[in-house]
Amino acid sequence: ARLVSYVVAEEGMDPSAAELRGWLAERLPSYLVPSVFVALDALPLTPSGKLDRRALPAPASAREEHVFVAPRDLLELQLAHVWEELLGTPVGVRDDFFARGGHSLLALRLVAAVERLTGRRVPLATLLAAPTVERLACALRGEGPLPAVDAPVPLQAGGGERPLFFVHAAGGNVASYAALARHLGPDQPVYGLQSRGLEGEEPLLIRIEEMAAAYLAQLRTVQEEGPYRLAGWSMGGLVAFEMARRLEAAGEKVEFLALVDSRVHPEDSPLLDPDDPDLLASFVLHLGLAPEQIPLSAEEAGSLTPGERLRWAWEVTREADLVPADLGLARFERLWTVFRANVAAAAGYRPEPCASDLLLVLAEERAMPADREVARWEALTRGIVRSATVAGDHFTVVREPYVGELARILAEALERT
């Protein structure tokens with residue numbers, strides 16, 4: 001059961017559902033605040049001039065623009081999980097909790113869950129005024145810096161299978177794996193290993209070997225002993241490979257190792273130029289920007305100072321909803337710093353061989369032929385290298401509409417394991 005409000009605005013006014021809900025919350029008990037608002041040009045009337053209740057449209061016809069925006073950082077991802085657990089359906093960061101079926105009792109449970117998550121008191125009025133993941137995350141960040149999270153991120157904590165640990169790509173964030181975790185199904189637990197430095201000012205890890213050691217310590221807080229299941233996209237595959245090597249050296253078994261479009265840099269790779277415009281273009285592509293959304297040509301980008309290019313990247317990613325709306329330039333620069341450190345770590349990694357079998361999933365649209373990439377990895381393991389190809393390019397293989405095919409390939413390999 002839901003309480004629905006039908007609203008006719010005065011001329012020149014267009015109140016949002018959040019504004020109406022906040023206004024009513026100041027005047028009514030929480031259980032009387034409507035969960036859905038339907039905007040009408042006029043209330044339907046009977047021939048005698050009375051309200052025709054039967055002619056009121058169903059709440060589903062509420063005139064709301066709905067564009068699904070996926071979580072873009074760890075806090076939004078954690079809040080979205082709370083939303084989804086209570087509502088029983090996937091939510092975007094701009095989905096209104098009450099419009100999606102939330103009511104006063106669920107709101108109380110939501111507030112309690114957010115308080116357990118953040119360690120902060122969250123008044124119900126805060127939720128009523130900020131009923132979306134994006135706005136509540138913004139409100140929480142406004143109270144000061146959130147504590148850094150140095151633990152595996154549960155992308156999908158339920159399920160009876162052994163957990164699959166997915167290592168971050170160069171961007172450092174594991175929110176990009178949320179869709180993949182859903183596609184793998186509810187029986188497969190999935191944890192993300194996120195880059196240090198995204199959520200605070202802690203020192204960065206600057207070598208793949210350092211990351212592998214740190215993430216193995218995190219991994220063991222979830223699973224104390226093997227066999228282990230590891231995976232990673234892009235540079236995350238390099239870290240997963242190094243983790244597998246170290247587990248083998250410790251006498252542990254790695255039963256599943258998947259590298260998604262990961263490549264080893266040749267010995268003669270040039271040194272990283274941190275001010276290279278192409279590096280910044282790669283950064284915004286990792287965040288989710290499509291190549292056709294980059295308005296700057298290589299020549300135009302080269303004519304700007306590094307600071308001007310960074311501000312451009314910040315503005316264009318905010319406009320495309322690829323970063324939280326309240327993300328300031330200073331915090332965006334922190335993301336850029338993490339990205340550059342990760343790219344440099346990947347470029348400098350020279351792996352020793354391992355003994356594990358590995359699954360190499362390659363993007364169909366790639367510069368290097370698949371057989372050459374497979375041969376490189378075959379030279380780095382005494383195990384069996386199986387390969388598969390998925391539609392899309394390096395950046396889109398973990399996103400819709402291609403992520404479903406990637407999940408199918410991983411699920412079939414996990415089933416064989």
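Start by selecting Cys138, which is partly exposed because its relative accessible area is 35%; buried means under 20% relative accessible area, exposed over 50%, and partly exposed in between, using a 1.4 Å probe and protein chains only. Now pick Cys354: with a relative accessible area of 0%, Cys354 is buried.

Before moving on, a word on the model: it is predicted, so local features need pLDDT of at least 70 and side-chain atom pairs count only at pLDDT 80 or more, while totals for chains, interfaces and linings use all residues. Residues are numbered from 1 along each chain as its sequence is written, and side-chain values use heavy atoms, with hydrogens and water left out.

**Stop two: helix α9**

Select residues 277-287, helix α9; helices (H or I, at least four residues) and strands (E, at least two) are DSSP runs, numbered from the N terminus. Buried residues here are Leu279, Leu280, Phe283, Val284, Leu285 and His286. Show β6 (228-233), α11 (306-319) and α12 (329-347) too, as these are included in what covers them. Just after α9, click Gly288, which has a positive phi of about 120 degrees.

Keep α11 on screen. Its axis and that of α9 are 11 Å apart, and the helices pack at an angle of about 20 degrees; axes are lines fitted to C-alpha atoms, for helices over the stretch in contact, and angles run from 0 to 180 degrees between N-to-C directions. For the contact (heavy atoms within 4.5 Å), show Pro277, Leu280, Val284 and Leu287 of α9 against Arg309, Leu310, Trp312, Ala313 and Thr317 of α11.

**Stop three: α7 and α8**

Next, select α7 (residues 208-219) and α8 (residues 235-249), which pack at about 70 degrees with axes 9 Å apart. That makes α7 roughly perpendicular to α8. Among the residues meeting here are Ile208, Met211 and Tyr215 in α7, and Leu238, Val239 and Met243 in α8.

**Last stop: Glu373**

Finish in helix α13 (residues 370-378), where you'll find Glu373. Is Glu373 buried or exposed? Buried, because its relative accessibility is 0%. Leaving aside residues up to four places away in sequence, Glu373 touches Ser262, Arg263, Val264, Leu360, Leu362, Arg366 and Met368.

Terms used:
Parallel < 35°, antiparallel > 145°, perpendicular 65-115°, else oblique.
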